[in-house]
Amino acid sequence: MSKQSLIRNRVTIEYLQIIIGATLVGLSYNLFLLPSQLAAGGISGISTILFELYQLSPALTQLLINIPIFIIGWLAMGKNFSVKTLLGTFWVPFVIGITANFPYTIDNPLLGAIYGGIILGAGLGIVYKGNGSTGGTAAIAQIVKKFTGLSSGYSQLIVDGFVVISSIFVFNLELTLFALMCIYITSKTIDIVQLRTSASKLILIITEEEEKIQALIRTRIDRGLTKVRSVGGYSNQDKTMILCVTEQQEAVQLKKILQKEEPSSFVIYINASEIQGRGFSLDKYYGQKL
């Protein structure tokens, strides 16, 4: 497969991620946040407040407010980001509009905060993985992330916090606290989705039997490795630290092998949140590097 084809496939996947994520964002609003009267930050929170005060259509409100914010995002983040943001900006109000009369909703603020926060965070996280935005304060959060270096989740938490605190003047303190809980759950879910915990393991092996362990890894689980020269802090003896990334089942297999054949080595197993590169990314399936 050519480099151009790989790029097209990745772009297609990114746009699909934006559509799927934006759909979840819209559903979280109609199924949980609006019925529970939770102004959980962002333009959705503003539209919840305006709906409570003036019965204005949330879909129309979000669309109108998003237009100037979209222009700001286009100027700050560039053309590619703005095209994807445009998709998310229109798709969320579209989903909110067509699901406005959905018969199954949750009006319990606790359930709304928990499940609404999870679905909203999952939706935003998927959109961010597609390098896009759903417009509104999600776009502002991405701008904050770009210029501050904060994670997407914490950027969203900061921006949404201002909207939630203002909701205390429209709703009561209890609902405001539930809304704060919701945006906290949302921010954590965003980071989990963006830095997903995979089944991959990073294995660190500190040993004096470098060649033996290298042979075991290559012949028994067929994985590559990296060797780092090191010195024992207690013994001051030269040692080798071997780094190897494996799948879950391979890690279990290697653990049994090491316990049986090299029990004296010091071994650490670490969850790898995300792996990139040949053998673990798209290159594994396409058989070539970009």
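Axes are lines fitted to C-alpha atoms, for helices over the stretch in contact, and angles run from 0 to 180 degrees between N-to-C directions. Helices (H or I, at least four residues) and strands (E, at least two) are taken as DSSP runs, numbered from the N terminus. The model is a predicted one, in which local features need pLDDT of at least 70 and side-chain atom pairs count only at pLDDT 80 or more, while totals for chains, interfaces and linings use all residues. Residues are numbered from 1 along each chain as its sequence is written, and side-chain values use heavy atoms, with hydrogens and water left out.

The protein chain contains eleven helices and four strands. Of its 290 residues, 43% count as buried, a term that means under 20% relative accessible area, with exposed meaning over 50% and partly exposed lying in between (1.4 Å probe, protein chains only). Contact means heavy atoms within 4.5 Å. Among the contacts in the protein chain with a separation of 6 or more, 74% come from residues 24 or more positions apart.

Two packed helices are described by the angle between their axes and the distance between the axes. Helix α5 (residues 109–129) packs against helix α8 (residues 173–194) at an angle of about 35°, and their axes are 7 Å apart. This crossing is right-handed; a crossing is given that name if the near helix is turned clockwise from the far one by less than a right angle, and left-handed if anticlockwise. The contact of α5 with α8 draws on 17 nonpolar, seven polar and one charged residues. In this classification Ala, Val, Leu, Ile, Met, Phe, Trp, Tyr, Cys and Pro count as nonpolar, Asp, Glu, Lys and Arg as charged, and the others, Gly among them, as polar.

Strand β1 (residues 201–207) is joined to strand β3 (residues 238–246) by seven bridges, and the two run antiparallel. Within this pairing, Leu204 stands opposite Leu243 in β3, and Ile205 has Ile242 as its bridge partner. The pairing of β1 with β4 is also antiparallel and extends over six bridges, with Leu202 opposite Ile270 in β4. Strand β1 is mostly covered, as five of its seven residues are buried.

Helix α9 (residues 210–221) packs with α10 (residues 248–261) at an angle of about 140°, their axes being 11 Å apart. That angle makes α9 oblique to α10; angles under 35 degrees count as roughly parallel, over 145 as roughly antiparallel, 65 to 115 as roughly perpendicular and the rest as oblique. The crossing of α9 past α10 is right-handed. On the α9 side, Lys212, Ile213, Leu216, Ile217, Arg220 and Ile221 meet Glu250, Gln253, Leu254, Ile257, Leu258 and Glu261 of α10. These contact residues divide into seven nonpolar, one polar and four charged.

Some individual residues also deserve a look. Asn66 belongs to helix α3 (residues 58–77) and counts as buried, because its relative accessibility is 3%. Leaving aside residues up to four places away in sequence, Asn66 touches Ile43, Thr89, Thr134, Gly135 and Gly136. Ser133, in the loop between α5 and α6 (136–148), is buried with a relative accessible area of 0%. The C-alpha atoms of Ser133 and Val83 are separated by 9.6 Å, although the two residues are 50 apart along the chain.

Most residues other than glycine have a negative phi. Gln55, however, has a positive phi near 60°; this residue lies in the loop between α2 (42–54) and α3 and is exposed, with a relative accessible area of 54%. Asp222 has a positive phi near 55°. Asp222 sits in the loop between α9 and β2 and is exposed, with a relative accessible area of 64%.

Key:
Pairing = 2+ DSSP bridges.
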